[in-house]
Amino acid sequence: MFDAHVHIIDPRFPLVENDGYLPEPYTLADYRKRMSRFDVVGGAVVSGSFQGTDQSYLKAALAELGTDWVGVTNLHLDATDEEIAELDRVGVRAMRFNLKRAAADITGMTLLALRAHELAGWHVELYIDGQMLASLQPVISKLPALTIDHLGMSDEGLPYLLDLVDRGTRVKATGFGRVSMNVADTIRRIHAVNPGALMFGTDLPGTRAGRPFRDSDVDLICDVVGSDMFAVLEDNARACYRLPVRERPVPADPRPTLPLRGADQPTLPLRRDQLPKVEVTDTIPFPAIE
């Protein structure tokens with residue numbers, strides 16, 4: 001499993017109130033304990049609005065997590081090329097536009113996103129209510145690669161979201177406690193347009209969500225996408241974040257089909273002149289049936 005959306009809230013590093021909100025700590029130890037029953041082999045640590053543009057917590061988390069984990073950062077608009085290159089070296093692979101909870105200089109963010117993509121191949125991740133997507137079309141059309149958080153949040157923007165998916169946008173199947181939509185139906189419709197678009201994530205710890213991640217969320221996804229569950233739970237996200245495909249061991253067949261044991265005295269072909277002679281008297285007619 002690749003968890004494409006995790007927030008790590010480490011009290012050792014700066015936090016910034018957002019609309020008077022300051023989250024409780026949620027450390028890597030907390031995350032590992034919560035997900036201990038799952039085989040989590042990688043993921044994406046996503047910067048929240050309450051972390052501002054601080055990069056120290058993100059660098060520390062990625063250093064501890066290892067090479068199968070990536071970062072998604074909030075980046076200040078005047079970030080230098082050297083800062084972007086340094087963040088890329090430690091594992092950052094995308095930048096986040098939080099248009100749900102933060103005022104934004106859309107023009108400045110777009111220019112920064114284009115520069116980050118040119119320098120390091122980063123894509124943009126949008127935290128936005130889907131009904132705003134249409135109004136941002138002039139911005140979205142300029143972005144070379146895009147991911148939408150939390151299924152686009154609401155039904156109102158779903159038609160436009162599906163159009164973006166058809167054109168290559170990826171969507172995170174995350175934050176089911178945040179959205180106002182039929183989650184299963186939305187996942188089904190996105191999957192029908194592009195099976196490679198969906199990426200699973202827990203959104204832990206679920207700050208300000210109606211409810212945090214539940215184990216049953218994974219079951220819901222698997223029920224909807226069926227045989228594509230490995231793609232949605234891992235492979236699509238690894239491709240998005242430019243990580244190598246992980247070889248998945250093929251489970252052994254508990255009851256394999258065994259070859260039949262060869263006969264001790266195999267039947268050998270006979271020549272025609274070796275076939276037994278059939279006498280006329282050997283032929284017995286069937287009795288007539290009245």
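Strand S1 (residues 2-6), helix H1 (residues 28-34) and strand S2 together form a right-handed β-α-β unit. From S2 the chain then carries on through helix H2 (residues 56-65) to S3, and this β-α-β crossover is right-handed too. Keep in mind that this is a predicted model.

## S2 and its neighbours

To pick out a couple of the pairings, Asp3 has Gly43 of S2 as its bridge partner, and Ala44 sits opposite Val70 in S3.

How many of the residues of S2 are buried? Five of the five in this strand (residues 42-46) are, so S2 is largely enclosed by the rest of the structure. Going along the strand, Gly42, Ala44 and Val46 point one way, Gly43 and Val45 point the other way, and all of them are buried.

Now over to helix H9 (residues 229-240), which holds Arg238. Is Arg238 buried or exposed? Its relative accessibility is 3%, and since the cut-off for buried is under 20%, Arg238 counts as buried.

What does Arg238 touch, leaving aside residues up to four places away in sequence? The contacts are Phe2, Asp68, Leu243, Pro244, Val245 and Arg246. For Pro244 there is a polar detail as well: its backbone oxygen lies 2.8 Å from a polar atom of the Arg238 side chain.

How values were computed:
Residues numbered from 1 in each chain as written. Predicted model: local features only at pLDDT ≥ 70, side-chain atom pairs only at ≥ 80, totals over all residues. Heavy atoms only, no water. Helix = DSSP H or I, 4+ residues; strand = E, 2+ residues; numbered from the N terminus. Buried < 20%, exposed > 50% of the residue type's maximum accessible area, 1.4 Å probe, protein only. Polar contact = N/O pair within 3.5 Å; in protein donor to acceptor, adjacent residues only side chain to side chain. Contact = heavy atoms within 4.5 Å. Pairing = 2+ DSSP bridges. Right-handed = clockwise from strand over helix to strand, strands pointing away.
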